[in-house]
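Here's a quick tour of a protein model for you. Have a look at the picture, then work through the points below.

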Amino acid sequence: MEISLPGVVGALIGLLVAIIDYRVITGIVRGKLRERRRFASIEENEKAERQMDLIFQVVFAVTVVAFMAIGYWFGLTIGG
């Protein structure tokens with residue numbers, strides 16, 4: 001299987017879009033979750049932060065893979 005240059009460029013652009021999307025979306029979601037969350041103790045708050053970080057890491061991985069695949073496909077379509 002050949003890897004085409006337009007596909008790789010499209011995947012890199014998809015990576016950049018994924019990183020920007022992740023930063024914007026997680027910034028908004030984190031802010032909203034922190035406003036709504038009121039725990040009784042510091043331990044509960046730290047546990048919730050760890051869980052939120054794990055969820056956001058999974059979201060980041062899925063976002064990167066999806067946007068890179070779309071970028072690769074788009075690069076192949078446009079660049080031949």
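The structure holds one aromatic pair. Rings of Phe, Tyr and Trp (its six-membered ring) pair if their centres lie within 6.5 Å; planes under 30 degrees apart count as stacked, over 60 as edge-to-face and the rest as tilted. Here the rings belong to Tyr22 and Phe60: the centres are 4.8 Å apart and the planes sit at 65 degrees, so this pair is edge-to-face.

Before you read on, this is a predicted model: local features need pLDDT of at least 70, side-chain atom pairs count only at pLDDT 80 or more, and totals for chains, interfaces and linings use all residues. Residues are numbered from 1 along each chain as its sequence is written, and side-chain values use heavy atoms, with hydrogens and water left out.

**The aromatic pair**
- The pair links distant parts of the chain, with Tyr22 in helix α1 (residues 5–36) and Phe60 in helix α2 (residues 42–79), 38 residues apart.
- Helices (H or I, at least four residues) are DSSP runs, numbered from the N terminus.
- Tyr22 is buried, with a relative accessible area of 15%, while Phe60 is partly exposed at 32%.
- Buried means under 20% relative accessible area, exposed over 50%, and partly exposed in between (1.4 Å probe, protein chains only).

**Helix α2**
- How far apart are the end C-alpha atoms of α2? They are 53 Å apart, which agrees with the 56 Å that its 38 residues should span at 1.5 Å a residue.
- That expected span is 1.5 Å times one less than the number of residues in the helix.
- Among the buried residues of α2 are Ala48, Met52, Phe56 and Val64, and what covers the buried residues includes α1.
- Just after α2, Gly80 takes a positive phi of about 85 degrees.

**Phe56**
- Phe56 has its place in helix α2 and, at 7% relative accessibility, counts as buried.
- Not counting residues up to four places away in sequence, Phe56 touches Tyr22, Thr26, Val29 and Arg30; contact means heavy atoms within 4.5 Å.
- Phe56 and Tyr22 are 34 residues apart in sequence and 8.7 Å apart in space, C-alpha to C-alpha.

**Ile3**
- You'll find Ile3 in the segment before α1.
- Is Ile3 buried or exposed? At 63% relative accessibility, Ile3 counts as exposed.

How values were computed: Helix = DSSP H or I, 4+ residues; strand = E, 2+ residues; numbered from the N terminus.
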